[in-house]
Amino acid sequence: LFWSTDDRFLSQFKQGEISTFVNYSKYPPCYKDITFWITPQFTDNTFCEIVRAEVGEIVESVDLLDHFTHPKTGRQSKCFRLNYRS
């Protein structure tokens, strides 16, 4: 690993400091986008809680990519990106 150029490895060590190594995945991230219509009661936080409850720690992040309001019907949808890594 000492010849690694991976920032997740290199950022753990500082010149002149002794630190504990923290494991990280050797696999690249896998992004999946999901889009759905929402109700007025929907919150982004609720969606993140559902993702964490169903998928667990495999999901590193959940990011909002887009928010769309249909011009005629007024219905709203959101697009989220899930970042998976094993």
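Predicted model: local features only at pLDDT ≥ 70, side-chain atom pairs only at ≥ 80, totals over all residues.
Residues are numbered from 1 along each chain as its sequence is written, and side-chain values use heavy atoms, with hydrogens and water left out.

The protein chain has two helices and three strands; helices (H or I, at least four residues) and strands (E, at least two) are DSSP runs, numbered from the N terminus. Read from the N terminus on, the elements follow the order α-β-α-β-β. The radius of gyration of the protein chain is 19 Å, well over the 12 Å that the globule rule gives for 86 residues, so the chain is more spread out than a compact globule. That radius is taken over C-alpha atoms, and the globule rule is 2.2 Å times the number of residues to the power 0.38. Along the principal axes, the C-alpha atoms fill a box of roughly 60 × 25 × 20 Å. Of the 86 residues in the chain, 20% are buried. Buried means under 20% relative accessible area, exposed over 50%, and partly exposed in between (1.4 Å probe, protein chains only).

Helix α2 covers residues 44–55, and its end C-alpha atoms are 16 Å apart, which agrees with the 16 Å that its 12 residues should span at 1.5 Å a residue. The expected span is 1.5 Å times one less than the number of residues. After α2 comes Gly-56, whose phi is positive, near 85 degrees.

The largest nonpolar core has six residues: Phe-47, Val-51, Val-59, Val-62, Phe-80 and Leu-82. Helix α2 and strands β2 (59–69) and β3 each supply at least two residues of this core. A nonpolar core is a set of buried Ala, Val, Leu, Ile, Met, Phe, Trp, Tyr and Cys residues joined through side-chain atoms within 4.5 Å. Beyond its neighbours within four places in sequence, Phe-80 is in contact (heavy atoms within 4.5 Å) with residues including Ile-34, Phe-42, Phe-47, Val-62 and Leu-64.

The count of salt bridges comes to two, a salt bridge being a side-chain nitrogen of Lys or Arg within 4 Å of a carboxyl oxygen of Asp or Glu. In one, the side chains of Arg-81 and Asp-33 meet at 2.8 Å, N to O. This pair links distant parts of the chain, 48 residues apart, with Arg-81 in strand β3 (residues 76–84) and Asp-33 in strand β1 (residues 30–38). Arg-81 is partly exposed at 30% relative accessibility, and Asp-33 is partly exposed at 44%.

Lys-78 forms a salt bridge with Asp-44, with the closest N and O atoms 2.7 Å apart. Lys-78 lies in strand β3 and Asp-44 in helix α2, so the pair ties together parts that are 34 residues apart in sequence. Here Lys-78 is buried at 13% relative accessible area, whereas Asp-44 is partly exposed at 27%.

Two further residues are also buried. Ser-77, found in strand β3, has 9% relative accessibility and counts as buried.

Gln-12 is found in the loop between α1 (7–10) and β1, and counts as buried at 17% relative accessibility. Not counting residues up to four places away in sequence, Gln-12 touches Ser-19, Thr-20, Phe-21, Val-22 and Tyr-24.
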